[in-house]
Amino acid sequence: IEHYKLLVVGGGAGGCAIASKFVKALPKGSLAVVDPAKFHYYQPGFTLVGGGLMKKQDLTKNQSDVIPSGAVWINDGVNKFVPGKNLIVLNDGREIAYDFVVIATGLELRYDLIEGFPKALDTPGISSIYHPQYVEKTYKELQTFKGGTAIFTFPNAPIKCAGAPQKICYLSEEYFRETGIRDKTKVIYVTSLPKIFGVEKYAKELNKIVQARNIVVNNRQALKKVDTESKIATFDILDENSQPTGKEQSLQYDFLHVAPPCSPIEALRKAAAEKSPLTDEKGWVKVDPKTLQGVEYKNVFAIGDCAGTPNAKTAAAVASQFKTLRRNLDAAMNNKTLNNEYDGYASCPLVIDKKHVILAEFNPQGPLETFPWDQSKPSRLSYLMKRYLMPPLYWHGLVKGRWNGPGTYRKIFHLGMKK
Ligand code: FAD
Ligand code: UQ1
């Protein structure tokens with residue numbers, strides 16, 4: 001049976017960061033990355049592609065060029081985790097054993113949880129920046145839209161970059177103004193959440209923006225189904241616990257942008273169904289939220305969107321987790337105490353229009369900003385960072401194992417200042 005000292009399952013942001021870092025330190029042939037994808041996307045750029053500000057090809061690399069040379073790339077998906085035997089089973093049935101495993105499988109997009117989907121994505125008027133295959137359709141739909149009702153949804157489930165569903169709403173609303181159809185267009189943002197954004201400081205500014213720009217916000221509603229013939233979207237009305245009340249609201253749409261519900265990948269959901277201590281009941285990998293080490297299996301670690309940690313799921317969070325994980329994994333491999341802790345940091349550059357960004361940075365306790373000015377104000381500099389700094393920071397920093405998140409800069413910028 002094939003065996004590796006370190007097995008990295010998932011070669012996205014977190015998996016490539018860890019593989020890049022550890023492949024240099026470990027003997028040749030002792031690190032493998034399992035990933036079925038042929039392409040690696042810079043997903044945070046999808047919002048800008050949807051708004052026509054970048055091209056998908058600018059965000060796409062061959063996975064073979066991103067997985068570090070020196071690592072063995074196993075080009076298949078994990079089908080089953082068997083942590084009690086220190087192995088995984090691939091979709092083709094092969095078993096791969098390990099001493100240590102890092103689970104970095106991201107999220108699965110679950111359009112299938114909405115009635116009528118995924119087929120509806122191929123019908124006129126409907127698009128989604130979350131799906132590599134439909135992100136460009138978003139801009140095409142914007143270009144052919146002649147006015148009417150434009151609806152942007154936010155799901156009743158975890159989602160990566162929870163700001164993205166409203167970023168595309170803002171870029172679209174600006175586009176409608178520029179093309180002279182804004183006065184013929186009703187823009188509606190429908191969210192399952194009670195508020196526009198989870199962090200109060202940014203929610204306050206975003207509320208001003210939706211008011212000023214006449215964007216209708218419907219709270220506590222989740223897209224349930226679409227009828228693509230009559231172009232009707234039906235929403236579940238939710239109660240305080242985000243459960244459907246049984247009541248519905250239907251809206252006619254001419255343009256519908258769908259942010260899908262997300263879940264852990266099937267292999268992790270299977271582990272949850274079998275009540276494996278590898279995951280919680282939903283399939284998030286059960287790790288200590290500070291050390292990122294498995295609660296039950298000490299040779300299991302998780303990074304990124306698949307981890308059962310309370311932070312917002314973003315690439316920015318992955319960078320900060322990476323800083324912790326690379327040290328703790330190294331310590332575990334050398335029988336030392338794990339002493340690095342992830343602080344729950346995440347960031348979401350909220351694109352307000354094609355020149356301004358509100359650079360939200362926060363942890364579950366509240367704002368945690370890098371720069372010594374008020375980042376809740378829409379800023380041109382923050383836009384320039386989002387557009388021109390973040391992509392190279394991702395490709396040359398994060399996935400190469402060289403970007404540890406902005407924590408150090410935050411400390412420097414705030415030296416001598418009251419926190
Ligand atoms: P991913 O990078 O998604 O990688 C997961 C990997 O696992 C993939 O390569 C996949 O092929 C692989 N995989 C899947 N199934 C299997 C399997 N069965 N076996 C093995 N491997 C498997 N973040 C920000 O910080 N800022 C932003 O502005 C931002 N905007 C975003 C906008 C959009 C539209 C989207 C979609 C995301 C955005 N993000 C943003 C979020 C960011 O892209 C993710 O949080 C980040 O990529 C998570 O990294 P990860 O390594 O956990 O997962
Ligand atoms: C970040 O580190 C990161 O990962 C590379 C992102 O994803 C693209 C981000 O969007 C942000 C904002 C950060 C945080 C970095 C700084 C400089 C604030």
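Okay, let's start with a sheet. Five strands make an open sheet in the order E10-E17-E11-E12-E13, and the pairing is parallel. At the edges sit strand E10, residues 126–127, and strand E13, residues 215–218, and each of those pairs on one side only. Before I go on, please keep in mind that this is a predicted model.

So let's walk through that sheet from E11. Strand E11 covers residues 148–154. Is E11 mostly covered or mostly open? It's mostly covered: five of its seven residues are buried.

On one hand, E11 pairs with strand E12, residues 185–191, in the parallel sense, with seven bridges between them. If you want to find a spot on screen, look for phenylalanine 154, whose bridge partner in E12 is threonine 191. How does the chain get from E11 to E12? It goes through helix H5, residues 164–178, and this β-α-β crossover is right-handed.

E11 also pairs with strand E17, residues 255–257, and here three bridges join the two parallel strands. Isoleucine 151 is the one to click on for that pairing, as its bridge partner in E17 is leucine 256.

Now step over to E12 again. E12 pairs with E13 as well, in the parallel sense, over four bridges. In that pairing, valine 190 stands opposite asparagine 218 of E13.

Next, a second sheet. This one is also open, but it has three strands, in the order E20-E21-E22, and the pairing is antiparallel. Why do E20 and strand E22, residues 366–367, each have one side without a neighbour in the sheet? Because they stand at the edges, and each has a single partner strand. E20 pairs with strand E21, residues 356–363, over seven bridges in the antiparallel sense.

Okay, on to the ligands. How many residues surround ligand 1? There are 38, and the closest are Gly10, Gly12, Gly77, Gly106 and Gly304. The elements giving two or more residues to that shell are helix H1 (13–23), helix H2 (46–50), H8 and E20. By class, the ligand 1 shell has 21 nonpolar, 13 polar and four charged residues.

Ligand 2 has 14 residues around it, and the nearest are Pro44, Ala315, Ala316, Ser347 and Met390. At least two residues of its shell come from each of helix H8 (315–333), strand E20 (346–353) and helix H9 (380–398). Which element gives the largest share? That's H9, with four residues. By class, the ligand 2 shell splits into 11 nonpolar and three polar residues, with no charged ones. Looking at it by domain, domain 1 (2–108 + 263–333) and domain 3 (346–413) each put at least three residues into the ligand 2 shell.

While we're on regions, there's a record to mention. An unreviewed UniProt entry lists residues 4–117 and 186–315 as "domain: FAD/NAD(P)-binding". In this model, residues 4–117 are 18% helix and 34% strand, with their end C-alpha atoms 39 Å apart. For residues 186–315, the numbers are 17% helix and 32% strand, and the end C-alpha atoms are 32 Å apart.

As background, most residues other than glycine have a negative phi, and most peptide bonds are trans.

Now look at the peptide bond from phenylalanine 117 to proline 118, which is cis, with omega near 0°. You'll find proline 118 in the loop between strand E9 (108–109) and E10.

Then there's arginine 220, which isn't a glycine but has a positive phi, near 55°. Arginine 220 is in the loop between E13 and strand E14 (221–227). It counts as partly exposed because it has 19 C-beta neighbours inside 10 Å, and buried would take 20 or more.

Lysine 275 also has a positive phi, about 55°, without being a glycine. Its place is in the loop between helix H7 (266–273) and strand E19 (300–302). Why does lysine 275 count as exposed? Because it has 9 C-beta neighbours inside 10 Å, and the cut-off for exposed is 12 or fewer.

Definitions and conventions: Residues are numbered from 1 along each chain as its sequence is written. Chains are lettered from A and ligands numbered from 1 in the order in which they are written. This is a predicted model: local features need pLDDT of at least 70, side-chain atom pairs count only at pLDDT 80 or more; totals for chains, interfaces and linings use all residues. Two strands pair if DSSP finds at least two bridges between them. A crossover is right-handed if, with the strands pointing away from the viewer, the path from the first strand over the helix to the second runs clockwise. A residue is near a molecule or strand if its C-beta atom, placed from the backbone, lies within 6 Å of it. Ala, Val, Leu, Ile, Met, Phe, Trp, Tyr, Cys and Pro count as nonpolar, Asp, Glu, Lys and Arg as charged, and the others, Gly among them, as polar. Domain bounds come from an automatic or database domain assignment. UniProt positions are given in the numbering used here, feature names are shortened, and annotations may be inferred rather than shown by experiment.
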